[in-house]
2 protein chains.
Amino acid sequence: MNESQVIKALSALAQETRLQIIRYLVACGKDGAAAGTIGEEVNSSASRLSFHLNILENAGLVTSKRVSRRIFYSASYEQMGGMIGYLLEDCCGNHPEVTSCCMPGTSNIS
Amino acid sequence: MNESQVIKALSALAQETRLQIIRYLVACGKDGAAAGTIGEEVNSSASRLSFHLNILENAGLVTSKRVSRRIFYSASYEQMGGMIGYLLEDCCGNHPEVTSCCMPGTSNIS
DNA sequence: TCAATATTTCAAGAGTTATTGAATTATGAA
DNA sequence: TTCATAATTCAATAACTCTTGAAATATTGA
């Protein structure tokens, strides 16, 4: 994951509705939830929801899959983990106080 | 750390210059670096740098301290850790594959 | 086929963010 | 005090983001 991908992911998460969506989808597990369900959960109109889901998908943070009339969205655990890993990268090793959340062996000492 | 603080921190990081600044400061350790030094590091004019440092400081991600003519900026490891913790919150427990970076015991199972 | 449901796309407008260069403030040295 | 250095503030502009409601597309069931 490179700098511009990380910026895209951070930008995507740095918005109230989208942060709520991601947290909801992460909690939903790998099957995710249909757009309509997510819209109810985060109190968003259809077009507004679609706009935000599109940004999350574009950032690689969610994936979608049509099932009959519905489109199910789910969190990309891989991308979430990748972004977090990038953020932790320079903390580990040098500054263990920041990265008490890092597993031994995961740190990328630069 | 609440939702709006996290959004502020994510927004602050979701910009090329500021992401570079934070990564540089994290690497600098707790004494940080003077504004001028940071500006050279990230190829930024003084006013542009000041604008971005102000946003990072406002988000609580850096702190500043004047030493004679210079102002030293350093990363706030506490705020970085807090933001990362919030992002990992709902991943842990439910979805261990996302949080291979989490230390056992750090997870906030909701 | 026609109507209903689920979702996306589009265009307009309001608000926010980033960049630039010039002016300003603060500090220290000659 | 005067000059130089270090950094911030300001105003203008350009670019981007979010919201809204209306229209369009896709799918299914009667």
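## Strands and how they pair

Two strands pair if DSSP finds at least two bridges between them. Strands (E, at least two residues) and helices (H or I, at least four residues) are DSSP runs, numbered from the N terminus. With those terms in hand, look at chain B of this predicted model: strand S2 (residues 62-67) and S3(B) pair in the antiparallel sense over 6 bridges. One of the residues involved is Ser64(B), whose bridge partner in S3(B) is Tyr73(B). S2(B) and S3(B) form a hairpin with 2 residues between them, and Ser68(B) in the turn has a positive phi of about 60 degrees.

S3(B) also pairs with strand S1 (residues 33-34) of chain B, in the antiparallel sense and over 2 bridges. Here Ala33(B) has Tyr73(B) in S3(B) as its bridge partner. As a general point, in a regular strand the side chains alternate between the two faces of the sheet.

## Reading the model

Residues are numbered from 1 along each chain as its sequence is written, while chains are lettered from A and ligands numbered from 1 in the order in which they are written. In this predicted model, local features need pLDDT of at least 70, side-chain atom pairs count only at pLDDT 80 or more, and totals for chains, interfaces and linings use all residues; side-chain values use heavy atoms, with hydrogens and water left out.

## Chain A as a whole

How many helices and strands does chain A have? The secondary structure of chain A comes to 5 helices and 3 strands, and along the sequence they follow the pattern α-α-β-α-α-β-β-α. The 3 strands form an open sheet with the order S1-S3-S2 and antiparallel pairing. Its edge strands, strand S1 (33-34) and strand S2 (62-67), each pair on one side only. S2(A) and S3(A) pair in the antiparallel sense over 6 bridges, and Arg66(A) has Ile71(A) in S3(A) as its bridge partner.

Chain A has 110 residues, and 45% of them are buried (under 20% relative accessible area; exposed is over 50% and partly exposed is in between, with a 1.4 Å probe and protein chains only). The accessible surface of chain A comes to about 5500 Å², with 47% of that belonging to carbon and sulfur atoms. Accessible areas come from the Shrake-Rupley method with a 1.4 Å probe, and for residues only the protein chains shown count as cover.

## Around DNA strand D

Which residues come nearest to DNA strand D? Of the 20 residues around DNA strand D, these are His52(A), Arg69(A), Gly36(B), Ser47(B) and Tyr73(B). A residue is near a strand or molecule if one of its heavy atoms lies within 4 Å of it. The largest share of this surface, 5 residues, comes from H4(A). By class, the surface near DNA strand D has 7 nonpolar, 7 polar and 6 charged residues. Ala, Val, Leu, Ile, Met, Phe, Trp, Tyr, Cys and Pro count as nonpolar, Asp, Glu, Lys and Arg as charged, and the others, Gly among them, as polar.

Of the atoms of DNA strand D within 4 Å of the protein, 66% belong to sugar or phosphate and the rest to bases. An N or O atom in the side chain of Arg18(A) is 3.1 Å from a phosphate oxygen of DNA strand D. From chain B, a backbone N or O atom of Ala35(B) lies 3.2 Å from a phosphate oxygen of this DNA strand.

## Around DNA strand C

Gly36(A), Ser47(A), Tyr73(A), His52(B) and Ser68(B) come nearest of the 20 residues around DNA strand C. H4(B) gives the most to the surface near DNA strand C, with 5 residues. Of the atoms of DNA strand C within 4 Å of the protein, 71% belong to sugar or phosphate and the rest to bases.

An N or O atom in the side chain of His52(B) is 2.6 Å from a phosphate oxygen of DNA strand C. His52(B) is also one of the residues that Thr17(B) touches, together with Val42(B) and Arg48(B), not counting residues up to four places away in sequence. Thr17(B) sits in helix H2 (residues 16-28) of chain B. Why does Thr17(B) count as buried? Because its relative accessibility is 6%.

Conventions
Polar contact = N/O pair within 3.5 Å; in protein donor to acceptor, adjacent residues only side chain to side chain. Contact = heavy atoms within 4.5 Å.
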